[in-house]
Amino acid sequence: MDKATIDNLTLEVKKEAIEGGYDLAFITEGSSMFPILASENKITVTKCNFKELKPGDLILFKSPTDNGSLVAHRLIRKIKNENDHTFISKGDAVFNPDKPICQDALIGKIVKIKKRGLSIPLEGAIGRVINGIALVFSMGRITYFGFLFLRKIRYLIKIYSQKIRNTTLDTEAI
């Protein structure tokens with residue numbers, strides 16, 4: 001078997017595992033989602049229902065144009081037609097959104113990012129704030145200011161995580 005066939009089989013196995021309820025981790029490459037995601041970050045992907053996805057969610061899908069490679073982008077809009085559903089996504093660092101993609105290409109929803117030893121949940125209150133802010137900046141023409149703002153958010157999350165760790169350590173010492 002050639003490499004393309006093996007890669008396609010591997011992707012199908014991973015997709016079936018996610019559909020079966022397993023969360024899978026992937027290592028990212030590329031810069032289209034900078035600063036939220038960069039090369040060598042680890043993302044956790046879980047099964048999701050297309051109807052439950054909201055604009056701002058990070059999703060993983062099979063690219064219809066790039067030899068079926070996996071793409072992690074932000075969901076911008078869902079389009080519901082009579083027979084099928086499509087979605088439009090966009091990389092945070094990319095100016096234009098992707099072309100509409102069929103829901104069958106959806107692999108799952110990204111629920112956690114691990115970078116530089118810091119684990120960032122994308123579910124719950126913190127995740128909703130991060131995704132909401134990133135969506136606003138991703139859609140606007142103010143990407144540079146969005147980048148600066150997201151750097152500040154990252155810094156605040158790091159401080160918050162350290163406080164939680166310190167509080168946990170102090171509690172255990174008592």
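What is the volume of the largest pocket? In this predicted model, the largest pocket has a volume of about 720 Å³. Local features need pLDDT of at least 70 and side-chain atom pairs count only at pLDDT 80 or more, while totals for chains, interfaces and linings use all residues. Residues are numbered from 1 along each chain as its sequence is written, and side-chain values use heavy atoms, with hydrogens and water left out.

**Pocket**
- A pocket is an open set of points on a 1 Å grid over the protein atoms alone, where a 1.4 Å probe fits, with protein on both sides within 12 Å along at least five of seven lines; lining residues have an atom within 4 Å of a point.
- The volume is the space filled by probe spheres set on the points, which are joined across faces, edges and corners.
- Of the 26 lining residues, I27, E29, S69, L70 and V71 are the closest to the centre of the largest pocket.

**Salt bridges**
- A salt bridge places a side-chain nitrogen of Lys or Arg within 4 Å of a carboxyl oxygen of Asp or Glu; the count comes to 3.
- K109 pairs with D57, the closest N and O atoms being 3.7 Å apart, and K109 also meets E123 at 3.0 Å, N to O.
- R74 forms a salt bridge with D92, with the closest N and O atoms 2.8 Å apart.

**Burial**
- Buried means under 20% relative accessible area, exposed over 50%, and partly exposed in between (1.4 Å probe, protein chains only).
- K109 is buried at 11% and D57 is buried at 0%, whereas E123 is partly exposed at 40%.
- Both R74 and D92 are buried.
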